[in-house]
Amino acid sequence: MKTRTLTSSTAASAQAIFGEVLSGAGVAHRFLLEDRPMVCGSDPAVDLVITESTVSRRHARIEPTRRGVRVEDLGSRNGTWYLGASVKEALVPFGSTVRLGKALIRFVAQEPGEPTAIAGLEGSSIAMRQLRENLHRAAKGDVAVLLRGETGSGKETAARALHALSARKGGPFAIFEGGHVSHELLESHLFGHRRGAFTGASEARIGIVEQAHRGTLFLDEVGELTPEAQLRLLRVLERRTFTRLGENTERSSDFRLICATQHDLEARVRERKLREDLFFRIAVVVIDVPPLRRREGDLELLAEHFARERGVTLDGATLAAWKAREWRGNVRELRNAVEQYEAGTVSGTSPAVSRAEVLGEVERSLVLEALEAHDWDVARAAQQLTMSRSQLYRVMKRFGISPRRR
């Protein structure tokens, strides 16, 4: 049985371009951009009205192009901002965010026939659009699916989406977390046991495999299964029958298997820690759940979403600093960061990082971006940053950034 990794289909040439207002009075408002220059602002007479006190009456002109949306400031009082810098004109790529005053607007390109949104898997980045497409495609079948992704990236959410989109959505969604169960009790949790089957088994237990009958069985961290459990699971997948520990009665269970892992299972097969025949059974279709750092433009959307859930408003310096982080804990880590931000706001305590440190991190990031964008041509980078070369050299020295030979 071959493993098949899902990839996105070729995009159609025509695109629908949307703008999404992420903050301000028009929060979560979505509008379609027409194929012409359009003026946006707070004046009711402009093309796109944004009701926010920091947005000027005629704030900016926007025009969709093949590579993104061209944004031109029209002399607004609070400025137009992109990548933390005030701009007069900028080409904003699809999936990225521009700020008009305090109103954040993300520009999204949606292909014709793109699958509908999936709750919990929001985002307009290419990586998330591909994930949603892959989940919709996989949901049409009933074969085993392996979800690969880092911790906190949303593998369980993706598994629940697969179940909800499938023909088994009316059945149970049974979860087994292999990494959280001791090896001694692992098989009991999977297959169940009769009373007295082992020391401490005072009552009979129905296992996860049996609970998943006519629904979906989600095995998280399948690579943690013991060799004995791997063999028994393989037999279940081959025959759809199993026995509880301490019994001889053969039982059956009809379920769809979805597994998840943050490990390299192919490497575990080579190391003989995972049976090769089981690997090919659980990885008929492989779907990668992208880490947050590869979801360009999604961090701000998610941070604002989590902040709205908790009734707090994020300041620009915090958002800019967060955009410079790698987020090894992914979406889970970001949610925790918003909760910590709320705790600091409510209690009045000082944040773990001072405002000066946050702004310094943002400034260093902007300088590096400008230098990289211009192949380390200091003169051109200084022009983009609206400072002299001597000023830029001083800033580079302060941050320990050495000029590189081009």
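I began with what pairing means: two strands pair if DSSP finds at least two bridges between them. I also noted that helices (H or I, at least four residues) and strands (E, at least two) are DSSP runs, numbered from the N terminus.

**Entry 1: the model.** I am reading a predicted model, in which local features need pLDDT of at least 70 and side-chain atom pairs count only at pLDDT 80 or more, while totals for chains, interfaces and linings use all residues. Residues are numbered from 1 along each chain as its sequence is written, and side-chain values use heavy atoms, with hydrogens and water left out.

**Entry 2: the open sheet.** I looked up a sheet of five strands and found that it is open, with the order E5-E4-E6-E7-E10 and mixed pairing. Its edge strands are E5 (48-49) and E10 (89-92), each of which pairs on one side only. Strand E7 (residues 69-73) runs antiparallel to E10, and four bridges join the two; Arg 70 stands opposite Leu 91 in E10.

**Entry 3: the whole chain.** I find 13 helices and 19 strands in the chain. Of its 406 residues, 47% count as buried, where buried means under 20% relative accessible area, exposed over 50% and partly exposed in between (1.4 Å probe, protein chains only). I then looked up contacts, which are heavy atoms within 4.5 Å: among those in the chain between residues at least 6 apart in sequence, 61% join residues at least 24 apart.

**Entry 4: the nonpolar cores.** A nonpolar core is a set of buried Ala, Val, Leu, Ile, Met, Phe, Trp, Tyr and Cys residues joined through side-chain atoms within 4.5 Å. The largest one has 52 residues, and among the members that touch the most others are Leu 217, Leu 219, Leu 257 and Ile 282. Leaving out residues up to four places away in sequence, I see Leu 257 touching Val 143, Ala 144, Val 145, Leu 217, Leu 219, Leu 237 and Ile 282. A second, separate core holds 23 residues, including Phe 31, Val 98, Ala 103 and Ile 105.

**Entry 5: helix H2.** Which residues of helix H2 (residues 155-165) are buried? I list Lys 155, Ala 158, Ala 159, Ala 161, Leu 162 and His 163.

**Entry 6: helix H9 and its aromatic rings.** In helix H9 (residues 316-323), the buried residues are Ala 317, Thr 318, Leu 319, Ala 321 and Trp 322. At the start of H9, I find a side-chain oxygen of Asp 315 within 2.7 Å of the backbone nitrogen of Thr 318.

For rings of Phe, Tyr and Trp (its six-membered ring), a pair needs centres within 6.5 Å; planes under 30 degrees apart count as stacked, over 60 as edge-to-face and the rest as tilted. A search of the whole structure finds four aromatic pairs. In one of them, Trp 322 and Trp 327 are edge-to-face, 6.0 Å centre to centre with 85° between the planes. Trp 322 and Tyr 341 have ring centres 6.4 Å apart and planes at 75°, so this pair is edge-to-face. The pair links distant parts of the chain, since Trp 322 lies in helix H9 and Tyr 341 in helix H10 (residues 330-347), 19 residues apart. Trp 322, Trp 327 and Tyr 341 form one aromatic cluster. I noted relative accessibility of 8% for Trp 322, 3% for Trp 327 and 18% for Tyr 341.

Key: A polar contact is a pair of N or O atoms within 3.5 Å; within protein, one must be able to donate a hydrogen and the other to accept it, and residues adjacent in sequence count only if both atoms are side-chain atoms.
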